Amino acid sequence: MYNIAIIGGDGIGQEVMSACEYLLDKIDIEFSFQYGEAGFDCYNKNGTTLPEKTIKIANKSDAVLFGASTSTPGEPSPIINLRKALNVYANIRPIKSYKGANCLRNDIDFVIVRENTEGLYSQVEYHDENKVIAERHITRSASERISKAAFNLCIKREESKVTCVHKSNVLKKTDGVFKESFYKVAEQYPQIKTEDYYVDAMAMYLITQPQNFDVIVSSNLFGDILSDESAGLIGGLGLAPSGNIGDHNGLFEPVHGSAPDIAGKHIANPCSMILSAAMMLDYLGEWEISNNIKDAVEKVIADCKIKTPDLGGNSCTMDVTKAISKELI
Ligand code: NAI
Ligand code: MG
């Protein structure tokens, strides 16, 4: 039996989490779910976006499932702080073309490995009389650690190239260290090809030649922006799952946010949350069921009959979830 921390959060975070729980209840693995609060609604209730109790539940679990949270003005991001609290330093975001989805090309299959613990998401911002300052923290240790995670993932995926994305022509010191660390780690992986691009050029290459990438490693903000851009290549945020992996913890969540524009309408695409749960099962060593879930999602999307509006259909969240669950039986 696995102890899973469930943190639905706000808006469609709760909706896709309910769908995910429905699916996990149908599979032949026993889970014990412990529920934690986080986000905007949690702040209004408890005065904090991430209560200590939630961190404790997450820390004690075998893995964490997180939905999404709405940002709270003046308060820190609960998901950024939860990733830091669990030291899940590698944010793994696979991007893949699905048949039946509106993809730019049908041969896209890469993964973004985003550094999770530092960068411009340090949340250290302040002002003096004349200016407002945001600190961008980059350390050699975290840069080497994330590069290693990227090379190891490249081996696991049986792919051949890791692309480092930075902006060292302008951010000479911080991204100088990020790029140097990448190439230092690369020496330990002579069988893997390497390349590096400035983030602005990379934003274009992702559109002009997405089929040429295998594993992409970047710092926190750049990795975040490129992830949403990449989701746009394969039909949107409804198909973009992610895992946050550390040495002792794993936290799995869709790339998307709480989507206030569709929250409460029960039309959120549950696939990114369900695919995140499949990543969790892979992390827990339940490879067979993980692959079955991924196949079931693929079949339902390819079938084109039951799809949420973001993919051009008119079905609701639970119709899609039930269709995926039916494929599993
Ligand atoms: P968003 O990711 O929530 O939504 C962007 C667009 O994608 C919207 O049009 C939305 O309807 C659509 N979308 C997202 N997920 C979808 C799904 N599963 N099915 C169908 N359509 C989907 O980003 P947005 O609107 O910029 O932010 C909304 C709130 O979420 C903000 O408060 C933001 O701070 C927060 N946020 C939270 C994140 C997290 O908790 N990890 C990540 C990103 C944003
Ligand atoms: Mg994001």
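Modeller: Helices, of at least four residues, and strands, of at least two, are DSSP runs numbered from the N terminus. The model is a predicted one.

In those terms, Ala259 sits in the loop that runs between strand E12 (250-254) and helix H9 (271-283). Ala259 is also one of the residues that come nearest to ligand 1; the others are Ser69, Ser71, Gly257 and Asp261, out of 21 residues around the ligand. A backbone N or O atom of Ala259 is 2.8 Å from an oxygen atom of ligand 1. For Ser258, a polar backbone atom is 3.1 Å from an oxygen atom of ligand 1. The backbone of Ala259 has a further feature: its phi is near 40 degrees, which is a positive value in a residue other than glycine.

Cys304 is another non-glycine residue with a positive phi, here about 65 degrees. Cys304 belongs to the loop between helix H10 (287-303) and helix H11 (317-328), and the two helices on either side of that loop can be taken next.

Two packed helices are described by the angle between their axes and the distance between the axes. For H10 and H11 the angle is about 125 degrees and the axes are 8 Å apart. H10 and H11 are therefore oblique to each other. Their crossing is right-handed. On the H10 side the contact is made by Asn292, Ile293, Ala296, Val297, Lys299 and Val300, and on the H11 side by Ala323, Ile324, Glu327 and Leu328. By class, these residues are seven nonpolar, one polar and two charged. Asn292 is the polar one, and Lys299 and Glu327 are the charged ones.

Helix H5 (residues 140-156) and helix H6 (residues 174-186) also have axes 8 Å apart, and pack at about 45 degrees. That angle makes H5 oblique to H6. H5 passes H6 in a right-handed crossing. From H5, the residues Arg140, Ser143, Glu144, Ile146, Ser147, Lys148 and Phe151 meet Val177, Phe178, Glu180, Ser181, Phe182, Lys184, Val185 and Ala186 of H6. This contact has seven nonpolar, three polar and five charged residues.

The loop between H5 and strand E8 (161-166) holds Glu159. The side chain of Glu159 makes a polar contact of 2.9 Å with the side chain of Arg157. Leaving aside residues up to four places away in sequence, Glu159 touches Asp109, Cys154, Asp214 and Val215.

The last pair is helix H7 (residues 199-208) and helix H8 (residues 220-233), whose axes come within 10 Å and cross at roughly 15 degrees. This makes H7 roughly parallel to H8, because angles under 35 degrees count as roughly parallel. The crossing of H7 and H8 is right-handed. Val199, Met202, Ala203, Leu206 and Ile207 of H7 meet Phe222, Leu226, Glu229, Ser230 and Leu233 of H8. By class the contact of H7 with H8 has eight nonpolar residues, one polar and one charged; Ser230 is the polar residue and Glu229 the charged one.

Notes
Residues numbered from 1 in each chain as written. Chains lettered and ligands numbered in written order. Predicted model: local features only at pLDDT ≥ 70, side-chain atom pairs only at ≥ 80, totals over all residues. Heavy atoms only, no water. Axes fitted to C-alpha atoms, helices over the stretch in contact; angles between N-to-C directions. Parallel < 35°, antiparallel > 145°, perpendicular 65-115°, else oblique. Left-handed = near helix turned anticlockwise from the far one by under 90°. Contact = heavy atoms within 4.5 Å. Near = heavy atom within 4 Å. Polar contact = N/O pair within 3.5 Å; in protein donor to acceptor, adjacent residues only side chain to side chain.
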